Amino acid sequence: MTFFKKILIANRGEIALRIIRACHELGIKTAIVYSDVDRNTLPVRLADEAICIGPAPASQSYLNIPAIISAAEITDAEAIHPGYGFLAENPQFVEACTASRITFIGPSAENIRIGGDKSRARQIMKRRGIPIVPGSGAPVLKEAEAMRISRKIGFPVIFKASAGGGGKGMRIVHEEKDLTRMYHTAQKEALAAFGIGDLYIEKYISDMRHIEVQILADNKGNIIHLGERDCSIQRRHQKLIEEAPFIFSDAKFRKKIGELAIKAAKAFKYRNAGTIEFILDRDKQVYFMEINTRIQVEHPVTEMVTGIDIVKEQIKLAAGQPLSLKQQDVKFSGHSMECRINAEDPERFIPSPGRVSLFVPPGGQGVRTDTAAYSGWTVPAHYDSLIAKVIVHGKDRDEAILRMRRALSEFIIEGIKSTIPFYQKVLDNPDFISGNFNTGFLDKNYTTK
Ligand code: MV4
């Protein structure tokens, strides 16, 4: 069993620390890159080596491919873990790693390209007989064509950016008279955000639930799934609460959606860890939505219910090891939930960077807090405002909710604002408690505009 001797981590914050922990438990040395403002951070302190790669703006540090490749060469790292965000889904970065004989811990450049071309991913799924929401078969390049397809599938429809993400270039079109305006604004927005204005069309599914399946694939094409997560509690296309399993799941549902996810991953010739996202409609019909080609923020809820360390698995798979588990070895136990704690105003979600004068994360039975924050640390304004993930595990969903309330109530963060009070409200909402929610839940119940 030879994995790697040293891995370079091309990320920051809680995920950088998460990766360091996996490496050290595997006996692998770690090197990390950091920007000027991240000098006094826990990942920099806990990695075996750290290299400053530039000033705070990500474009000059965490997105600087030559600087990161040089850091791997200087430290003799054999592999790079990109975490999530930054370069994690940049196929050119994967190719730069390969050109320098460095292993990218993640999927192939081609996997990432397909993941980033949502219209094409849909077409591949359709050809393989995986259900997709009715809509366009290719990017819709003319307004007249958008009208023809929308009339055919029936309003309301939703325009989505082929290169999409984060809801940019997404528009719901309720009636024919809105189409022209929506088509052009969506196209403009997509072009500005991604440099590609291509749109595709789907039938708009009201009250959809966002259900996704974690998969693991080795380099020989063996693929297993680690069950589903419900990520329907979103605000402006940012997931805020995730849980596993889906409250209305059972062995039959899990087998069905899990096998669909594996079939989808096989169609993409997928490698390493990934996620297949599905739309679930009110009749519990599942439709492929997109594929995420990275370790995700919410991966811990799956770890809590399966006992599998997904980051360690990523490393072993990238080293060419065959999958160590068979599907029947994956056992599910209890219920897990994650709240993403941001350094933001809990009412208006406005970023609240600054010095954290006191930071005491929750603990105790069934509580895991993934964070790189500490008392005295300063949250920089330059990056995403996620500062901690509180993840709980309980024997069932009710126990997980009680435990999450208990954990949040003991979490002390002073000096900056955090979104903890927002979660405390949601955890008391009867519809949240009963599982009676969908992706429209936050917009309906909370003035989050
Ligand atoms: C949809 C949808 C309804 N029908 N797709 C996709 C990404 C995720 N963040 C939101 N997405 C949606 N995809 C179909 N076919 C509804 C959403 C959606 C949404 C769309 C526009 C504005 C706000 C939204 C809030 C939640 C879900």
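Trainee: Does F288 count as buried or exposed, and at what relative accessibility?

Mentor: In this predicted model, F288 belongs to strand β13, which covers residues 286-292. Since buried means under 20% relative accessible area, the residue falls on the buried side of that cut-off, because its relative accessibility is 0%.

Trainee: Which aromatic residue pairs with F288, and what is the geometry of the pair?

Mentor: The pair links distant parts of the chain, as F288 lies in strand β13 whereas its partner sits in the loop between α9 (251-267) and β12 (272-280), 20 residues apart. The planes are 50° apart and the centres 6.2 Å apart, a tilted arrangement, and the partner is F268.

Trainee: How far apart are the end C-alpha atoms of helix α8, and what span should its residues give?

Mentor: Helix α8 comprises the 16 residues 179-194. At 1.5 Å a residue these should span 22 Å, which agrees with the distance between the end C-alpha atoms, namely 22 Å.

Trainee: Which residue follows α8, and what is its phi?

Mentor: The helix is followed by a glycine, G195. The phi of G195 is positive, near 75°.

Trainee: Which residue forms an aromatic pair with Y183, and is the pair stacked or edge-to-face?

Mentor: The structure holds 15 aromatic pairs. In the one that involves Y183, the rings lie 6.0 Å centre to centre with 85° between the planes, which makes the pair edge-to-face, and the partner is F159. F159 lies in strand β6 and Y183 in helix α8, so the pair ties together parts that are 24 residues apart in sequence. Both residues are buried, Y183 as well as F159.

Trainee: Which ring does R397 lie over, and at what distance from the ring centre?

Mentor: The ring in question also takes part in a cluster, where ring pairs link F349, F422, Y423, F432, F437, F441 and Y446. R397 lies over the face of F432, and the distance from the ring centre is 4.8 Å.

Trainee: Which residue stands opposite I391 in β19?

Mentor: Strand β17, residues 367-371, pairs with β19 in the antiparallel sense over 5 bridges. The residue opposite I391 is R368.

Trainee: What is the relative accessible area of R18, and which residues does R18 touch?

Mentor: R18 is found in helix α1, residues 13-25. Residues up to four places away in sequence aside, R18 touches H299, E303, D309, I310, V311, R368 and D370. R18 is buried, with a relative accessible area of 6%.

Key:
Residues numbered from 1 in each chain as written. Predicted model: local features only at pLDDT ≥ 70, side-chain atom pairs only at ≥ 80, totals over all residues. Heavy atoms only, no water. Pairing = 2+ DSSP bridges. Helix = DSSP H or I, 4+ residues; strand = E, 2+ residues; numbered from the N terminus. Expected span 1.5 Å × (residues − 1). Phe/Tyr/Trp six-rings, centres within 6.5 Å; stacked < 30°, edge-to-face > 60°. Buried < 20%, exposed > 50% of the residue type's maximum accessible area, 1.4 Å probe, protein only. Lys NZ or Arg CZ within 6 Å of the ring centre and 35° of its normal. Contact = heavy atoms within 4.5 Å.
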